[in-house]
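Hi there,

Here is the model I promised to pass on. Please have a look at it first, and then read my notes below.

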Amino acid sequence: MHIFLKAIKHYYKKEISRCQSCSMPLIYDKQHLGGNIYCSYCHDGESFINNGMTLGDMQQKVDHLLRSRHSHIIIRIYIYLRLATLKRWRKL
Ligand SMILES: [Zn+2]
């Protein structure tokens with residue numbers, strides 16, 4: 001049970017800290033500017049680095065990266081869907 005709770009805590013921490021543009025956990029972003037909800041690859045503190053991007057572009061870009069890392073298909077599907085819920089892309 002203890003190991004299970006530890007795993008939940010780990011994934012929860014990752015989930016709440018995802019960049020709200022590309023879904024990368026901000027705990028992995030060494031250049032991250034404190035207080036920014038976006039990672040340093042997406043946002044320089046003032047504006048988006050790749051401003052003309054659409055959700056479809058980002059889904060394609062991130063999936064390409066995950067494929068190159070041989071990520072499991074379940075992870076790829078999860079991230080594909082998760083991207084649409086991020087602040088930069090969600091419509092609600
Ligand atoms: Zn990002």
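**The H2–H3 pair**

The axes of H2 and helix H3 (residues 73-83) come within 10 Å of each other and cross at roughly 155°. Axes here are lines fitted to C-alpha atoms, for helices over the stretch in contact, and angles run from 0 to 180 degrees between N-to-C directions. That crossing angle makes H2 roughly antiparallel to H3; angles under 35 degrees count as roughly parallel, over 145 as roughly antiparallel, 65 to 115 as roughly perpendicular and the rest as oblique. The crossing of H2 and H3 is right-handed, meaning that the near helix is turned clockwise from the far one by less than a right angle, with anticlockwise giving left-handed.

Before going on, please keep in mind that this is a predicted model: local features need pLDDT of at least 70, side-chain atom pairs count only at pLDDT 80 or more, and totals for chains, interfaces and linings use all residues. Residues are numbered from 1 along each chain as its sequence is written.

Which residues make the contact of H2 and H3? From H2 come Leu 55, Met 58, Gln 59, Val 62, Asp 63 and Leu 66, and from H3 come Ile 75, Arg 76, Ile 79, Tyr 80 and Leu 83. Two residues are in contact if their C-beta atoms, placed from the backbone, lie within 7 Å. The residues of this contact divide into eight nonpolar, one polar and two charged. An α-helix has 3.6 residues a turn, so residues three or four places apart point the same way.

**The chain as a whole**

The protein chain has three helices and zero strands, and its pattern along the sequence is α-α-α. Helices (H or I, at least four residues) and strands (E, at least two) are DSSP runs, numbered from the N terminus. Taken along the principal axes, the C-alpha atoms fill a box of roughly 45 × 30 × 30 Å. Of the 92 residues in the protein chain, 13% are buried; a residue is buried if 20 or more other C-beta atoms lie within 10 Å of its own, exposed if 12 or fewer, and partly exposed in between, with C-beta atoms placed from the backbone. Among contacts between residues at least 6 apart in sequence, 30% join residues at least 24 apart.

H1 (residues 2-16) has 15 residues and reaches 21 Å from its first C-alpha to its last, close to the 21 Å expected at 1.5 Å a residue. The expected span is 1.5 Å times one less than the number of residues. Ile 3 lies in H1 and counts as exposed because it has 7 C-beta neighbours inside 10 Å. Its C-alpha atom is 26 Å from that of Ile 77, 74 residues apart along the chain.

H2 (residues 55-68) has 14 residues that should span 20 Å, and its end C-alpha atoms are 20 Å apart, which agrees. Arg 67 lies in H2 and is exposed, with 11 other C-beta atoms within 10 Å.

Most residues other than glycine have a negative phi. Ser 23, in the loop between H1 and H2, has a positive phi near 80°, and with 22 C-beta neighbours inside 10 Å it counts as buried. His 70, in the loop between H2 and H3, has a positive phi near 55°, and with 6 C-beta neighbours inside 10 Å it counts as exposed.

Leu 86 sits in the segment after H3 and is partly exposed, with 18 other C-beta atoms within 10 Å. Leaving aside neighbours within four places in sequence, Leu 86 is in contact with Arg 18, Gln 20, Ser 21 and Ser 23. The C-alpha atoms of Leu 86 and Cys 22 are separated by 8.1 Å, at 64 residues apart along the chain.

Ile 37 lies in the loop between H1 and H2 and is partly exposed, with 15 other C-beta atoms within 10 Å. Beyond its neighbours within four places in sequence, Ile 37 is in contact with Gln 20 and Lys 87.

Best wishes

Note on methods: Ala, Val, Leu, Ile, Met, Phe, Trp, Tyr, Cys and Pro count as nonpolar, Asp, Glu, Lys and Arg as charged, and the others, Gly among them, as polar.
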